[in-house]
Amino acid sequence: MLYQIIKIYVFVCIIFSFQTMALEAIYTKEQMTINGIADEASWVKAKWYPLNQHILGDIPTQDDFSGRFKLMWNDKKLYLLAEITDDILFDQHSDPKHLYWDDDCLEVFIDEDKSGGNHQFNYNAFAYHIALDNQVVDIGPPNKDGTTNFVLLNEHIKSKWQRGKVAPYKMTWELAIDIYNDKYSENTAIKPVKLELGKQMGFMLAYCDNDGSKEREHFMGSTKIKPKNGDKNLGYITADVFDSLILVK
Ligand SMILES: [Ca+2]
Ligand SMILES: [Ca+2]
Ligand SMILES: [Ca+2]
Ligand SMILES: [Ca+2]
């Protein structure tokens, strides 16, 4: 009998270890001020999620890079608070559309309808790269001549960060994100979707850390990605690797 119970327990543990729990964003009715300070009382109620999954490059020490984040929502916006330790802030390319992934940047992945699938050159999902100058870039449908269309989407995300006053001078990065569906087009006036309790989206967060090299030194994220041919840097191509995010009370 005991043997049977242990067998069932082990089986249940194995099943759960293969399932990732959905991330939760809690509802806030507070007026949010995007100032890079968690000065809203409701931030205290939201839980921290780690930014500790390796995607690319070497694995950083805690003071080289470490981070965590929280999520909240109201009917108009998804709010994100990221707390990041990065020893050197580096923005080598002033052109926001040029090799932006090789500068320090926060990367917010959103798949509004949780469809999964390829989004590299379309808006089935977004991979918003938010640079230290707060400019937001993703890749849209190709240009007429077939070249890659790097698109500034600054109107989708308002963000502000500040560094702490004492060591390790953590950066607090606060974001208000408009959620667009796959009908988004740069050339048509399309409004963000209205958010509702229980809504589920595909979501992932990551940070590109570079401290002075030509290319980023490491890329760490919120989601454990199953490698494809040894490669875990798949989020910019497919929304299949995103986590689930659910909007809760
Ligand atoms: Ca604030
Ligand atoms: Ca660093
Ligand atoms: Ca989608
Ligand atoms: Ca850095």
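A polar contact is a pair of N or O atoms within 3.5 Å; within protein, one must be able to donate a hydrogen and the other to accept it, and residues adjacent in sequence count only if both atoms are side-chain atoms. Keep that in mind for the first stop.

This is a predicted model, in which local features need pLDDT of at least 70 and side-chain atom pairs count only at pLDDT 80 or more, while totals for chains, interfaces and linings use all residues. Residues are numbered from 1 along each chain as written, chains are lettered from A and ligands numbered from 1 in the order written, and side-chain values use heavy atoms, with hydrogens and water left out.

**Stop 1: W161**

Select W161. It sits in strand β10 (residues 157-163). Strands (E, at least two residues) are DSSP runs, numbered from the N terminus. A polar atom of the W161 side chain lies 2.9 Å from the backbone oxygen of L132. Now show the contacts of W161 (heavy atoms within 4.5 Å). Among them are G36, L89, N134 and M171, leaving aside residues up to four places away in sequence. G36 is 125 residues away along the chain, yet the two C-alpha atoms are separated by 4.3 Å.

**Stop 2: calcium ion (ligand 1)**

Select the calcium ion (ligand 1). Donors here are N, O and S atoms within 2.8 Å of the metal (3.2 Å for Na, K and Ca); water is not among the atoms, so sites may look incomplete. The protein donors include T33 (O), N35 (OD1) and I37 (O), and the donors lie 2.4 to 2.6 Å from the ion. Buried means under 20% relative accessible area, exposed over 50%, partly exposed in between (1.4 Å probe, protein chains only). D39 is partly exposed at 45%; E40 is buried at 3%.

**Stop 3: calcium ion (ligand 2)**

Move to the calcium ion (ligand 2). D64, D86, D87, D209 and D211 coordinate it, at 2.4 to 2.9 Å. D64 lies in the loop between β3 (53-57) and β4 (65-73) and D209 in strand β12 (residues 200-209), so the pair ties together parts 145 residues apart in sequence. D209 is buried, with a relative accessible area of 0%. Next, pick D86. It bridges this ion and the calcium ion (ligand 4), 3.7 Å apart.

**Stop 4: strand β13**

Finish on β13 (residues 218-221). H218 and M220 point one way, F219 and G221 the other, and all are buried. Two strands pair if DSSP finds at least two bridges between them. β13 pairs with β3 in the antiparallel sense over four bridges, with H218 as the bridge partner of G57. β12 also pairs with β13, antiparallel over four bridges. There, C208 stands opposite F219.
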